[in-house]
Amino acid sequence: AEIQKEEKVKYFHGAKNEELLTFCNKEAHRFGAYIEDEAAFYLAESTEVDLRQISSEIEKASIYILPEKTIRLEHVQAVSPHFSQVSTLMEH
């Protein structure tokens with residue numbers, strides 16, 4: 001086992017963040033896929049930039065898209081709930 005220390009990445013909605021994109025691309029590559037920027041930013045917003053959760057969601061998406069290799073926004077939306085959806089559910 002290898003201990004990995006992942007520090008929280010600062011992300012502001014609508015702003016490009018190369019550090020976040022690099023992390024997401026590295027994780028997608030680890031699972032044999034590529035992730036589009038829009039999908040990475042969606043994951044950042046939906047997980048509130050929790051890198052462990054982002055990695056887990058990328059893994060789920062990479063399995064979901066097989067045999068394809070590119071993770072798109074619609075793929076991530078299909079398998080990854082957005083935190084705002086939880087608030088909507090609670091309101092109902």
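**Salt bridges and a helix contact**

Trainee: What does Glu36 count as at 24% relative accessibility?

Mentor: This is a predicted model, in which local features need pLDDT of at least 70 and side-chain atom pairs count only at pLDDT 80 or more, while totals for chains, interfaces and linings use all residues. Residues are numbered from 1 along each chain as its sequence is written, and side-chain values use heavy atoms, with hydrogens and water left out. Buried means under 20% relative accessible area, exposed over 50%, and partly exposed in between (1.4 Å probe, protein chains only). At 24%, Glu36 therefore counts as partly exposed.

Trainee: How many residues apart in sequence are the parts that Arg72 and Glu36 tie together?

Mentor: Arg72 forms a salt bridge with Glu36, at 3.7 Å between the closest N and O atoms; the term requires a side-chain nitrogen of Lys or Arg within 4 Å of a carboxyl oxygen of Asp or Glu. Helices (H or I, at least four residues) and strands (E, at least two) are DSSP runs, numbered from the N terminus. Arg72 lies in the loop between strand S2 (70-71) and helix H4 (73-79), and Glu36 in the loop between strand S1 (34-35) and helix H2 (37-47), so the separation of these parts in residues is 36.

Trainee: Which residues are linked in a network of salt bridges?

Mentor: Arg72 also meets Glu68 in a salt bridge, with N to O at 3.2 Å. Glu68 is partly exposed at 40% relative accessibility, and Arg72 is partly exposed at 29%. The network therefore consists of Glu36, Glu68 and Arg72.

Trainee: Is Glu57 buried or exposed?

Mentor: Glu57 forms a salt bridge with Lys60, the closest N and O atoms being 3.1 Å apart. The two residues are three apart in helix H3 (residues 51-64), which means that about one helical turn separates them. Lys60 is partly exposed, with a relative accessible area of 37%. Glu57, at 7%, counts as buried.

Trainee: What is the orientation of H1 and H2 to each other?

Mentor: Axes are lines fitted to C-alpha atoms, for helices over the stretch in contact (heavy atoms within 4.5 Å), and angles run from 0 to 180 degrees between N-to-C directions. Angles under 35 degrees count as roughly parallel, over 145 as roughly antiparallel, 65 to 115 as roughly perpendicular and the rest as oblique. The axes of helix H1 (residues 18-30) and H2 come within 10 Å and cross at roughly 105°. H1 and H2 are therefore roughly perpendicular.
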